[in-house]
Amino acid sequence: MEASDGKRNRPEPPSRAPSEPPKRPAPLTRLRAAVSGPPPGPSRPEFWRSPLRGLWLTAVLGLVLLVGITLLFVTGLLSYAAYNPDLSPVNDQTPDKGWLGFYLFSWPTSPYWLYRVNQGVHVVLGVVLVPVLLAKLWSVIPKLFQWPPVRSVGHGIERLSLLLLVGGVLFEFATGILNVQLHYIFPGSFYVLHFYGAWVFIGAFVVHVAFRLPRAVRAVRYGREVPEAGAEEAAGLMSPRPAPPTISRRGALGMVGLGSLALFVVTAGQSVGGWWRRTALLAPHGTDPGSGPNGFQINKTAASVGIRPSDIGPAWRLTVRSAGRQVVLTRDELLAMEQQEAALPIACVEGWSTPDQLWSGVRLTDLAALVGRGTDTPRALVESVQRGGGFRSVVLRDNQVRDHRSLLAVRVNGAVLSRDHGYPARVIVPGAPGVHNTKWVTRITFGESESA
Ligand SMILES: Nc1nc2c(c(=O)[nH]1)N[C@H]1C(S)=C(S)[C@@H](COP(=O)(O)O)O[C@H]1N2
Ligand SMILES: [Mo]
């Protein structure tokens, strides 16, 4: 490094005849010197003084992110599959996903906690990885100012992929965390942004891992005494003029770990639910659900989505339809049907969930039987009295409708459903995302043709 730098910066010997005016070459020489060396500031390696930067720290953080982000990606894809987005436009807000939906499959109803665990892992892990991500970006920041910015076509492509990598990861973390914290503040849909963003990011991530993994593994295996110290310098991470250390590399790593642990402690409780929710200081705390049988987390209150008392009063009816047949039930008639019980959680995409609640109501298969669809019950379109909003209806797949734990619930934990939990009747399906457990249900349509 030293030698080549010295050579490059050496002023060129005058090659022209001494008779030429001396004024001309001076600016050119200056220009050449400016082009060959980095401008003052962060592009100069000596600008970066931290003795912590180096291949080892970057490699350890990188390997943690490799495992963590892979898990984030897989749980993210599973979370999307849980919506059964290929079933109906009602379920999906990214219908143009094309072949990116190649992996979709029928989301199962067993184990009934599958979505709850998947979403808890996705959201909690995303939050917990924030300090690791920031530390990793900090550890490689001198490379952002690398000089010259582009050395060759190959180098240019590599830097472009890093732009997608860093931009992509910041975008995914930002949209995810904003969604968890503030609900939907985006232009358009959160799903569209987060879903496409994930695919752009993961492409760059795979390329990055392919190029860097062997070096990272070597750096971690050899510890700080990397045999090729020159390679480390070339990697542009280590300061050529380090300031005296105030903390060791392991100490710095420990701080990052403590940061992640602290975030875990103030986040994870919302995914466990119940008493533990109180420990989730970072989780959004909106409506207080109160105590008693209906005292568990509420997503949207009846008032907040414009449910009028008259919509769910004595005039409320449940319409069950299938292929030209239709049955209309009053609440009393619904209560007169055979009541079944199922202990199931509510698990929201935003990461919060409740422990199992004891729901009771009428099996979806029994409702299908009313309109002649008792055996081989088909999928069902479930609609709410709610007038607008994306959550007013859902299409449930046949495997969900046929599961004997899938209910049109009228009671929870021994009490009549509260208005905010969906009185007079709501759907509850094992393993389904919270948003598919439609509240204030007024119509269920079994079968293909009628499903929107
Ligand atoms: N009609 C209707 N049903 C709905 C919603 C809604 O906004 N409107 N929110 C859904 C979402 S996103 C979740 S997580 C669950 C939450 O149920 P809970 O409020 O009873 O806990 O209800 C679902 N059912
Ligand atoms: Mo939700």
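Here is a short tour of a predicted model, from its overall make-up to a few individual residues.

**The whole protein**

The protein has 14 helices and ten strands; helices (H or I, at least four residues) and strands (E, at least two) are DSSP runs, numbered from the N terminus. Of its 452 residues, 36% count as buried. Here, buried means that 20 or more other C-beta atoms lie within 10 Å of a residue's own, exposed means 12 or fewer, and partly exposed is in between, with C-beta atoms placed from the backbone. Two residues are in contact if their C-beta atoms, placed that way, lie within 7 Å. Among contacts with a separation of 6 or more, 73% link residues 24 or more positions apart.

How confident is the predictor? The mean pLDDT (the predictor's confidence in each residue, from 0 to 100) is 88, and 86% of the residues reach 70 or more. Residues 1-20 have pLDDT below 50, and this stretch has eight contacts in the model beyond near neighbours in sequence. Where pLDDT is low, the predicted coordinates should not be read in detail.

Helix 10 runs over residues 249-267, and at 1.5 Å a residue its 19 residues should span 27 Å; its end C-alpha atoms are 27 Å apart, so the two agree. The expected span is 1.5 Å times one less than the number of residues. Which residues of helix 10 are buried? They are Ala252, Val256, Ser260 and Thr267. These cover an arc of only 80° around the axis, so they sit on the same side of helix 10. The arc is that of the directions from the helix axis to the C-beta atoms. On the other side, Arg250, Gly251, Gly254, Leu258 and Leu261 are exposed. The cover over the buried residues of helix 10 includes helix 3 (55-81), helix 4 (114-128), helix 5 (130-139) and helix 11 (269-272).

Helix 5 has its own buried residues: Val132, Leu133, Ala135, Lys136 and Ser139. Their arc is only 165°, which puts them on the same side of helix 5.

Over in helix 3 we find Gly68. With 17 other C-beta atoms within 10 Å, Gly68 is partly exposed. Leaving aside neighbours within four places in sequence, Gly68 is in contact with Leu125, Leu129 and Val132. The C-alpha atoms of Gly68 and Gly126 are separated by 8.3 Å, although the two are 58 residues apart along the chain.

**Around ligand 1**

Ligand 1 is surrounded by 19 residues, and the closest are Asn299, Cys348, Ser384, Phe391 and Gly434. A residue is near a molecule if its C-beta atom, placed from the backbone, lies within 6 Å of it.

| Cis peptide bond | Omega |
|---|---|
| Trp147 to Pro148 | near -5° |
| Tyr423 to Pro424 | near 10° |

Pro148 is in the loop between helix 6 (141-144) and helix 7 (153-182), and Pro424 is in the loop between strand 8 (415-416) and strand 9 (426-428).

Asp376 is not a glycine, yet its phi is positive, near 50°. Asp376 is exposed, with 8 other C-beta atoms within 10 Å.

How values were computed: Residues are numbered from 1 along each chain as its sequence is written. Chains are lettered from A and ligands numbered from 1 in the order in which they are written. This is a predicted model: local features need pLDDT of at least 70, side-chain atom pairs count only at pLDDT 80 or more; totals for chains, interfaces and linings use all residues.
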